[in-house]
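Me: I have a model open and would like to talk through a few of its details. Could you take my questions one at a time?

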Amino acid sequence: MTAYILQRLIQSILVLLAVSVVVFLAVYGIGDPIELLVPPQVSAAERTAMIQRLGLDLPVWQQYLSFLGNALKGDLGHSFVHGVPAVDLILARLPATFELVLLAMGLAAVIGIPLGLLAGLNPESRPSRAIMAGTILGFSLPSFWKGMMLILLFSVFLGWLPTAGRGETVSVFGIPTSLLTLDGLKHLALPALNLAIPNMALMIRLVAAGTTEAISQDYVKYARAKGVRRKRIVGRHVLRNILIPVVTVAGMEFGSLVAFSTITETVFAWPGMGKLLIDSVYQLDRPVVVAYVMLATLLFVAVNFLVDILYAALDPRVKLTGEMA
Amino acid sequence: MHRTLISAFIAGTCLLSAPAWAQSLKIALSSEPTAIDPHYHDLTPNNALIAHIFDGLTKQDENQKVLPNLATSWENDGKTRWTFKLRQGVTFSNGQPFTADDVIFSFCRTLKNETAIAGSFADITGNFTAVEAPDSHTIVITTKAPDPLLPNFLSGLAILSSSIVPHDKLAFDAAKNCGVTGTWPVVGDFNDGKLAIGTGPYKFKSYTKGTSVELERNDKYWGPAEPWANVTFVPVPNAGPRLAGLLAGDYDVIENPAARDVSRIRDDKRFGYVIMPSTRVIYFQLDVEREPSPFVKAENGKNPLKDPRVRKAMSLAIDRDAIIKRIMDSAAEPAYQFLPNGMFGALANPPKLAYDPAAAKKLLAEAGYPNGFQLTLSTTNDRYINDSQITQAVAQYLTQVGIRSEVDAMARAIYFPRRSKKEFSVALGGWGSTSGEASSFLRQWPATPDEAKTIGGSNYGGYNDPEFDKLIRTAIVTLDDAKRAEILQQAGTKVLEGGAFIPLHFESTIWAYKANLKYAGRADQFTMAMQVKSAK
């Protein structure tokens, strides 16, 4: 067990290192942030002083090593644009993104799973066909356009919900959340819905396909022959079995939404992390981009690490030996 | 009886609610200020926000004319010595009185500002040899070189309260830390508002990055009180949702709706809008130095852009009015020089740059290019309004007269570094004159660079006209306004004749607002709550 954990730990660290090299070089390659930061009328002396202060006069490997050295001390650098620590900037945005994704995934599950079951149990019925056709729309409509249409419908024509931004927040254990205020929820509704629709479609498809498959399995036939009620067959036998892939996919989606729900955040001016990332890329705010990708990688690596260990702990068939990849 | 009661009740509610409603203002911004620290970054959104909380010694009005602010009057001795008389009876929002010490402290801070983005005001104060306070309400500034634009530049330099940092007797001497005993504040210290103490018409209430900046009326303000008790700025960078927010009633004022969307509110009685020409000029900068130039291919192997006749032909080939009408949706003014007519140092009536493809072809033939040549126009696609479409249109106009042109459009993050390495032959540029007068463009773009790059810093095309250089170098140290305006006009004419810069148009800025409000618009593109008035 210990050898296995140790091996996984070393692997995780190597992944982080590799990602840091790639990201650093990629961001370095895009261009020179000085041209965007410093107005052209600034004197050569002032410009040089700025370049030196940011360490941009050093060769790239030296810049990378000093970044790495600071990162080991827990300092991922200061934002070029805002002048404050990059990690503070990112963490300040985390709660906004997190609550958005939480609500979106919740909506997707609460609506998607029952509809998927419905469609999977009677695949030939009219409502089922309508649901499946709807999922194609849900997948294929571009997020940006969908967001604008939601704004037009619910804010401009109906006037029910605000167009953009984050509403009133309350602090819970020092973390500001808008999930607990009416104004906050109103602001959350549209972006969460926009984010939820493709995931809802995904869940419907997964659940429907799983249900159709499961319904013809021997254990279902046996249960039916035994005279178990239909409700119980669906709730107890079918749903339980098909939820495994659904949970796996939902987990993966959750991670990628937290890190990259950029388009929805941009359309709804949601002050989340995705918007910070896109702004930082545009402004060549290197420390923020690098810190962001590093934190996102850390998140994924940590989750994977935990999942692997949990998996091993839960499933006795998985052997925890050092040889396992 | 019932009816009277009801109408009385309704009237009462209206009376109660109307003022409360009218006193708060919500404004959607197209780009968010990067900091509350007024000396952090010399950027339009930052400067606009800062003007609510802080005052400078001077200020600029909506047409960028310089007016008194914390200084009531100023004069110079004809050389390098300026005397500013400070306003009496002004207090900061924390109750401290405003004196000459605060001015010295603020000037010093721009030199001791470790976190600032380069050139954010240190270039102004770096030119000071001495700043003295003969009494508590007089400031005497001595500059190294004569600086006729000092009052213009001081309009953007916010005056902080010296009470935010422990200090002994303050003196303008950066080497001795100016008498400050504590640590100099850095950008992060201002974001929670503790140090954001100014003399402006509003005071800081809260700042959440990406969400909002909230201000409230400063009851200690020395000028007439503002009509708005609360002002909230919300960043909504996307133009579509920003306009939707106005239509849905979420915002009272929005800046920069897309010009093509103005028709959406033009006939709607619930909204108003203003289109105000700005000083931002859009132009092409030609490489007139190198032989050959990287993106020009002529049969004779030379750089045709070096020939003034070719440059003239290129300008004649462009239909500016059509570009403004079709691409800019009329939200721009044709540019026949580099600063709008009537501003300081600009020509009063520059000759119209007409569209004449026949004359262009003739000039090209005269110059020895009857079959034209090949050219690539380089442009940003995310910096100026419709930048890549404008360049595409110009490429087609040039192709029509025989200059076969292609467009290379790229993101600004790639474009600006490449341009400064002189990688282009014809490059799109844009320049807003923050000083509101003609030397801003002329000293930066066409001037031959000096060693310290304080002039000619953006002369990427290698333009070199010794006569012009002499004029601009004289103009920037001439203190007499009338004389300086005249020299600037001569210098501007020279650059237009040279043809190495082809002006296209001045961008206009658009603001849209609810019909019960009025916004006059500003040439410097600032969105200021102080100028939002009730329409009645």
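Me: To start with chain A, is helix H12 (residues 273-282) mostly covered or mostly uncovered?

Reply: Helix H12 of chain A is mostly covered, with seven of its ten residues buried, where buried is taken as 20 or more other C-beta atoms, placed from the backbone, within 10 Å of the residue's own. Helices here are DSSP runs of H or I with at least four residues, and strands are runs of E with at least two, numbered from the N terminus. Please keep in mind that this is a predicted model, in which local features need pLDDT of at least 70 and side-chain atom pairs count only at pLDDT 80 or more, while totals for chains, interfaces and linings use all residues. Residues are numbered from 1 along each chain as its sequence is written, and chains are lettered from A and ligands numbered from 1 in the order in which they are written.

Me: Which residues of H12(A) are the buried ones?

Reply: They are A:Met273, A:Gly274, A:Lys275, A:Leu276, A:Leu277, A:Asp279 and A:Ser280. Just after H12(A), A:Leu284 has a positive phi of about 55°.

Me: And what does the secondary structure of chain A come to?

Reply: Chain A has 13 helices and two strands, and 37% of its 325 residues count as buried.

Me: Switching to chain B, how do H8 and H10 pack?

Reply: Helix H8 (residues 308-316) and helix H10 (residues 357-366) of chain B pack at about 165°, with axes 8 Å apart; the axes are lines fitted to C-alpha atoms over the stretch in contact, and angles run from 0 to 180 degrees between N-to-C directions. H8(B) and H10(B) are therefore roughly antiparallel, a label for angles over 145 degrees.

Me: Which residues of H8(B) make that contact?

Reply: From H8(B) they are B:Arg309, B:Val310, B:Lys312, B:Ala313 and B:Leu316, facing residues of H10(B) that include B:Leu363 and B:Glu366, with contact meaning that C-beta atoms, placed from the backbone, lie within 7 Å.

Me: What about the sheet in chain B, what is its strand order?

Reply: The open sheet of four strands in chain B runs S4-S5-S7-S6 with antiparallel pairing, where two strands pair if DSSP finds at least two bridges between them. Its edge strands are S4 (71-76) and S6 (128-132), each pairing on one side only.

Me: How many bridges join S6(B) to S7?

Reply: Four bridges join S6(B) to strand S7 (residues 138-143) of chain B, and B:Glu132 has B:Val140 in S7(B) as its bridge partner.

Methods: Angles under 35 degrees count as roughly parallel, over 145 as roughly antiparallel, 65 to 115 as roughly perpendicular and the rest as oblique. Two residues are in contact if their C-beta atoms, placed from the backbone, lie within 7 Å. A residue is buried if 20 or more other C-beta atoms lie within 10 Å of its own, exposed if 12 or fewer, and partly exposed in between; C-beta atoms are placed from the backbone.
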